[in-house]
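Thanks for asking me to look this one over. Below are my notes, as numbered points, to read alongside the model.

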Amino acid sequence: MQDTSLWFPYAQMKHLEVNYEVETGDGPYIQFTNGMRLLDATCSWWCMIHGYRHPELTQALKDQADKVAHVMLGGLKNAPAVALAKKLVEITPKGLNHVFYSDSGSVGMEVAMKMAVQFWQNQGCTDKYKMASLTKAYHGDTTGCMSVCDPTEGMHSLFSGLLPKHHFAPAPTACFDASAEAVAQDIAQLRQLFEQHHHEIAGFLVEPLLQAAGGLNMYSPIYLQEARKLCDEFEILLIFDEVATGFGRTGKLFAAEHANVCPDIMVLSKGLTGGYIGHAATLANDKVFNGFWSDDKQKAFMHGPTFMGNPIACAVALKSIEIFERENYLGKIEALNQVLKHELLGFEHPAVKDTRVLGATAVIEVHNAESLQGVQQFAVEQGVWLRPFGRFLYTMPPYIITEAELTKITQVMKAWFTR
């Protein structure tokens with residue numbers, strides 16, 4: 001009988017797939033205990049942007065552990081947490097001047113939702129306690145986050161009876177390069193939602209330009225520009241979930257930069273620490289922060305994760321950002337983008353519905369998920385770690401991967417259909 005002491009995510013344990021044991025990693029490669037060495041096409045759920053066993057990140061972790069591994073932010077502070085907050089204010093869209101830490105992307109989004117609701121409560125707008133979100137959205141697996149993920153096609157419909165009810169606009173359909181006219185219908189639907197429910201909507205949550213785990217939907221920056229105007233018009237806080245898109249994934253440091261838009265609240269995680277340790281940051285502008293600035297203690301923001309501002313996580317994040325800037329990662333990402341476009345755009349097969357690329361992200365969408373059954377094992381046999389979900393075979397590689405290595409990944413992706 002199989003050992004079930006370790007319970008795996010999103011997996012039927014009775015019919016558990018093969019779980020390869022990773023012994024070590026090196027750059028874009030992971031190596032199993034059986035000696036097999038694979039190119040990681042997903043960089044461990046999109047967070048290992050520098051690859052594995054980066055010497056500077058490892059050293060930063062060790063150096064901080066030798067000083068203090070953790071200390072609470074309640075009544076205390078630590079130098080890495082302070083320095084990282086200043087750095088994030090410096091590099092994010094102008095106006096996001098305040099940083100609240102947590103320990104994962106899901107919790108960072110919970111913080112954003114609570115922040116939005118309490119902001120309006122502090123202003124006396126007690127009816128504003130719901131969120132607006134998009135279909136095809138994915139914002140995390142905690143209860144609050146599940147309630148703003150796609151309510152029908154998402155993975156959380158099982159828990160619908162538990163979840164609070166929020167409002168949803170249709171996912172944007174106009175592609176990244178679409179004209180303003182093509183985006184107009186998407187915006188009209190968002191306006192209609194706001195017109196009907198703005199009196200109870202505290203915040204509009206959106207994954208800017210790339211809806212990741214909800215189906216890798218890529219859409220126009222014009223949508224973000226118009227959403228910003230609508231949020232201002234209807235007094236709704238605009239919240240960007242850049243957990244997946246932040247730190248270069250769409251080709252800019254932050255996806256918001258494609259649209260030259262600054263949200264009221266932005267959430268970062270995944271690439272924040274280069275995947276070395278769980279951490280998240282929820283940034284807010286002065287308007288939001290000042291909504292809590294008061295002599296009334298009851299108006300203080302009522303949240304406090306145990307591991308927020310962890311010194312090791314903050315030290316590693318600072319080093320990760322330093323490497324990103326010093327080694328021109330945006331240039332690397334542009335080169336990877338060109339490879340992905342050349343290799344995958346226009347690829348045709350009867351099973352394939354669409355191919356699309358944005359930054360260092362590429363996806364082959366199929367008509368039926370059954371046509372991807374077996375692709376993971378096929379890729380392993382070709383020396384590549386691919387892990388599709390639903391109807392989507394995708395790659396989000398580490399940025400240090402070479403063009404030749406990335407081409408190997410895309411060739412394996414296509415070979416599955418032409419084998």
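Which helix lies across β13, β14 and β16, running at about 165 degrees to β16? That is helix α13, residues 403–418.

Before the details, some ground rules. This is a predicted model, in which local features need pLDDT of at least 70 and side-chain atom pairs count only at pLDDT 80 or more, while totals for chains, interfaces and linings use all residues. Residues are numbered from 1 along each chain as its sequence is written, and side-chain values use heavy atoms, with hydrogens and water left out.

1. β13, β14 and β16 form an open sheet of three strands in the order β13-β14-β16, with antiparallel pairing. The edge strands, pairing on one side only, are β13 (352–358) and β16 (392–395). From one strand to the next, the twist averages 10 degrees. Strand β14 (residues 361–366) is joined to β16 by four bridges, and E365 has F392 as its bridge partner in β16. On terms: helices (H or I, at least four residues) and strands (E, at least two) are DSSP runs numbered from the N terminus, and two strands pair if DSSP finds at least two bridges between them.

2. L344 sits in helix α11 and is buried, at 1% relative accessible area. Buried here means under 20% relative accessible area, exposed means over 50%, and partly exposed is in between (1.4 Å probe, protein chains only). Leaving aside neighbours within four places in sequence, L344 is in contact with T355, A362, I364, T410, M413 and K414; contact means heavy atoms within 4.5 Å.

3. Is K414 buried or exposed? K414 is buried, with a relative accessible area of 16%. Its side chain reaches the backbone oxygen of E343 at 3.0 Å. A polar contact is a pair of N or O atoms within 3.5 Å; within protein, one must be able to donate a hydrogen and the other to accept it, and residues adjacent in sequence count only if both atoms are side-chain atoms. Beyond four places in sequence, K414 is in contact with E343, L344 and F347.

4. The cores. The largest nonpolar core has 92 residues, and L88, M115, F194, F204 and F247 have the most contacts inside it. Helix α4 (residues 105–122) gives the most to this core, nine residues. Apart from it lies another core, of 28 residues, including L386, L406, M413 and F417. A nonpolar core is a set of buried Ala, Val, Leu, Ile, Met, Phe, Trp, Tyr and Cys residues joined through side-chain atoms within 4.5 Å.

5. Q211, a buried polar side chain. Q211 is in strand β8 (residues 210–211) and is buried, with a relative accessible area of 1%. What lies 3.0 Å from a polar atom of the Q211 side chain? The backbone oxygen of T135 does. T135 is also among the contacts of Q211, along with L134, K136, A171 and Y219.

6. The annotated positions. An unreviewed UniProt entry lists G105, S106, D241, P305 and T306 under "binding site"; such annotations may be inferred rather than shown by experiment. S106 is in helix α4, is buried at 18%, and has H139, G140, D141, T142 and C145 as contacts beyond four places in sequence. P305 is in the loop between α9 (286–290) and α10 (311–326) and counts as buried at 14%. P305 touches F100, Y101, S102 and V107.

7. An exposed loop residue. T173 lies in the loop between β6 (167–169) and α6 (180–197) and is exposed, with a relative accessible area of 66%. T173 and D186 are 13 residues apart in sequence and 6.8 Å apart in space, C-alpha to C-alpha.

Definitions and conventions: Axes are lines fitted to C-alpha atoms, for helices over the stretch in contact, and angles run from 0 to 180 degrees between N-to-C directions.
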